[in-house]
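Dear colleague,

I am handing over the structure below for you to look through. My notes on what was found follow it.

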Amino acid sequence: MDLAALKTQLKNFVQSMFEEGVLDNQFSQIQALQDSTNPNFVEEVITLFCNDAERIINEINRNLGYQNVDFSNLDSYVHQLKGSSSSIGANRLKLACANLRQASDERNKEGCLQALQLITCEYCLLRRKFQALLHLERSIVELETNQK
Amino acid sequence: MAPTLPSGDQASDQDNWDNGRLAHKRQLLTEIVLRNRLTALVVDGDTTCRVLEQLLLRSYGVQTQGVDNGRDAVALIASGVKFNLIIIDMILPVLNGLEATRQIRDMGVHCKMLGVTACSGESERQAFLAAGVDVFIEKPLDPEHLVPILRELDGQ
């Protein structure tokens, strides 16, 4: 596939993520921050976000495994995940965090477990799509490098 | 699992025009901000948020420093370092954002403080404003909120 076609495919793929609600306009802001001085910025931010998100989701899972759940501790993790999801433009994940926040406020452990399941699903979907996005970006960079 | 790619439609000319306009707006503002060398402190316990907020500020020519907890933010201000702008989250490790904000204001610091947080309730908004932030922003921090504030600081 040639460079122009790859770039179009990347643009369309990102657009599809917007249309599905997986990403919102905040991700466009992040893409706009990538330039010649920060050529790998999008990949770095996605990697950073995914590492943090997985750590937090594991911590939430662990907290909910206790018989007596520390809901205030849970709150701070949910807050962190919601914040980073918002900041990277992970729209559906951000909305799923709101569900967990509400269940946590109500001290509803069962509700929290259901909300965590949704968060995990949304995160896995997002991660798969991010992996595909980065695969495309790397292919583009490789082609551009080979053409120089 | 190997990534799979969906087929796509043609990209729109509107996208190209919007991207060009955004770059042009940012360039104009960078010229303004650079003349005044604004500085900002970003206080956020989440690495992704802190990195993004710092880079957004830097893209407008603002020099930034970041800390990941409220205690370090208070200590930095107490050491005499001055900023034009402080961006602070509400929920922070060690010392929370509300208390950190109060302590910073109690030191007589009058710079612009933005409370940028994932919290979205009215009671949280009121609490953060009462603690001393000038503006409450629900994450994400975006140019629509930031640019008017930077213009205001640049004009002072």
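**Chain B in outline**

In chain B, which has 156 residues, 49% of the residues are buried. Please keep in mind that this is a predicted model.

The secondary structure of chain B consists of six helices and five strands. Along the sequence they follow the pattern α-β-α-β-α-β-α-β-α-β-α. Of the contacts in chain B with a separation of 6 or more, 63% are between residues 24 or more positions apart. The accessible surface of chain B is about 7900 Å², and carbon and sulfur atoms account for 49% of that surface.

**Two helices of chain B**

Helix α3 (residues 70–78) and helix α4 (residues 97–106) of chain B have axes that come within 9 Å and cross at roughly 10°. Angles under 35 degrees count as roughly parallel, so α3(B) is roughly parallel to α4(B). On the α3(B) side the contact is made by B:Gly70, B:Val74 and B:Ile77, and on the α4(B) side by B:Ala100, B:Gln103 and B:Ile104. Sorted by class, four of the residues in this contact of α3(B) with α4(B) are nonpolar, two are polar and none is charged.

**Two helices of chain A**

In chain A, the axes of helix α2 (residues 25–33) and helix α4 (residues 71–88) come within 6 Å and cross at roughly 65°. Angles of 65 to 115 degrees count as roughly perpendicular, so α2(A) is roughly perpendicular to α4(A). Here α2(A) contributes A:Gln26, A:Phe27 and A:Ile30 to the contact, while α4(A) contributes A:Ser86, A:Ser87 and A:Ile88. By class, the contact of α2(A) with α4(A) has three nonpolar residues, three polar residues and no charged ones.

**Nonpolar cores**

The largest nonpolar core has 68 residues, and the members that touch the most others are A:Ile46, A:Phe49, A:Ile60, A:Leu126, A:Phe130, A:Leu133 and B:Leu85. Helix α6 (residues 109–147) of chain A supplies the largest share of this core, with 13 residues.

What is A:Leu126 in contact with, leaving aside its neighbours within four places in sequence? The residues are A:Met17, A:Val22, A:Leu23, A:Phe49, A:Ala90 and A:Leu93.

Another core, of 24 residues, lies apart from the largest one; B:Ala73, B:Ile88, B:Leu95 and B:Val109 are among its members.

Regards

Technical notes:
Residues numbered from 1 in each chain as written. Chains lettered and ligands numbered in written order. Predicted model: local features only at pLDDT ≥ 70, side-chain atom pairs only at ≥ 80, totals over all residues. Heavy atoms only, no water. Core = buried A, V, L, I, M, F, W, Y, C linked by side-chain atoms within 4.5 Å. Buried < 20%, exposed > 50% of the residue type's maximum accessible area, 1.4 Å probe, protein only. Helix = DSSP H or I, 4+ residues; strand = E, 2+ residues; numbered from the N terminus. Contact = heavy atoms within 4.5 Å. Axes fitted to C-alpha atoms, helices over the stretch in contact; angles between N-to-C directions. Parallel < 35°, antiparallel > 145°, perpendicular 65-115°, else oblique. Nonpolar A, V, L, I, M, F, W, Y, C, P; charged D, E, K, R; others polar. Areas by Shrake-Rupley, 256 points an atom, 1.4 Å probe, with all protein chains shown as cover.
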